[in-house]
Amino acid sequence: MFDAFSREVGDYYDQANELLRAMFTDNVHYGYWPDPSSIDPLAEAGERMTEQLYERLDVSAGHKVLDVGCGVGKPAAWLARKTGATVKGANVSRNQLEVARDRVRSEGLEDRVSFDLADAMHLPYADDSFDRIWAIESMIHMPDRDQVMREMARVLRPGGRLAIADIVVRGTLDDVATAVVEGFCTLSTARSLEHIDNYPALVEKAGLDLLELTDVSEQTRPTGPAVLPAFDVLLPTLGEEGVAQSKKAWGDMFDLPQYGYVLLTAGKP
Ligand code: SAH
């Protein structure tokens, strides 16, 4: 069962898949720069973001891990190779899943990494069926974060752990910031950006214990300028004006003091 907005997100990723891969690499997420003033390439910073989540999740060989919103499967394959765990990716984009399945076939990981076309709003898994879950930059697309948090808590086994990376807002949003955030959400087919201060309650409402929450806004902010030139790949489809508008919607977000990014870990009692 797909929520209407989840279907829209799936269509967006189906259609934008190749462009996003060109813009971000196959880690379809932001980069992590421990020292934001020394900017090395996005490809390396994107790997470091995956590692940030890995370090928090405490995955061992034999664990069953769920990747909620798995993109083109690069983080899932990386985690399986690194840890010996079995990884299941869930995603609403058929085209991304096709790339993900080709990847695990060519890397010989089919016995341990598999993917389902599934909406995180209604995860097609039994209660308590995963030891670990991560959701890397998929929460911005969720029609209802509370419901997705409850779903993730339901399929996580007691004693299990969840790690989330999410683009958020911080501080107070005036009209200018609100308009910038709306422009960014439209550009990215994001439903909304959560306020970082709301995350502890979101975690607790789902019946999980917050173990750690880190504001990594400044370590991820260089993603803005790093990705900006790649918008030119959109020229044939959007034209010069369209590309200029998209660059503005993207760039303005990263210039906002209220731009934020959170990494957090939660446990199921
Ligand atoms: N986690 C991946 C991709 C991040 S992009 C990576 O780090 O490389 C966001 C991903 O979330 C996309 O693959 C998108 O299709 C997926 N997604 C968005 N809404 C979803 C939903 N409701 N259910 C499952 N996946 C979803």
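I call a residue buried under 20% relative accessible area, exposed over 50% and partly exposed in between, with a 1.4 Å probe and protein chains only. Helices (H or I, at least four residues) and strands (E, at least two) are DSSP runs that I number from the N terminus.

This is a predicted model, in which local features need pLDDT of at least 70 and side-chain atom pairs count only at pLDDT 80 or more, while totals for chains, interfaces and linings use all residues. Residues are numbered from 1 along each chain as its sequence is written, and side-chain values use heavy atoms, with hydrogens and water left out.

**Entry 1, helix 10.** I looked up which residues of helix 10 are buried, and found Gly242, Val243, Ser246, Ala249, Trp250, Gly251, Met253 and Phe254. The buried residues of helix 10 pack against helix 1 (4-24), helix 6 (175-188), helix 8 (217-220), helix 9 (223-227) and strand 8 (259-267), where contact means heavy atoms within 4.5 Å.

Then I checked the span of helix 10 (residues 235-255): its end C-alpha atoms are only 23 Å apart, whereas a straight helix of 21 residues would span 30 Å at 1.5 Å a residue. The expected span is 1.5 Å times one less than the number of residues. Where does helix 10 bend? It bends at Glu241, by about 80 degrees, taken as the angle between axes fitted to the seven residues ending there and the seven starting there.

I used a 1 Å grid over the protein atoms alone; a pocket is an open set of points where a 1.4 Å probe fits, with protein on both sides within 12 Å along at least five of seven lines, and lining residues have an atom within 4 Å of a point. The largest pocket is lined by 45 residues, with Tyr12, Tyr13, Leu20, His141 and Ser188 nearest its centre. Helix 1, strand 1 (64-68), strand 2 (86-91), helix 6 and helix 10 each give two or more residues to this lining. Helix 1 provides the largest share, ten residues.

Asp58 is not a glycine, yet has a positive phi of about 55 degrees. I found Asp58 in the loop between helix 2 (42-57) and strand 1, partly exposed with a relative accessible area of 45%. Thr189, also a residue other than glycine, has a positive phi near 45 degrees. Thr189 sits in the loop between helix 6 and strand 6 (194-195), and counts as buried at 13% relative accessibility.
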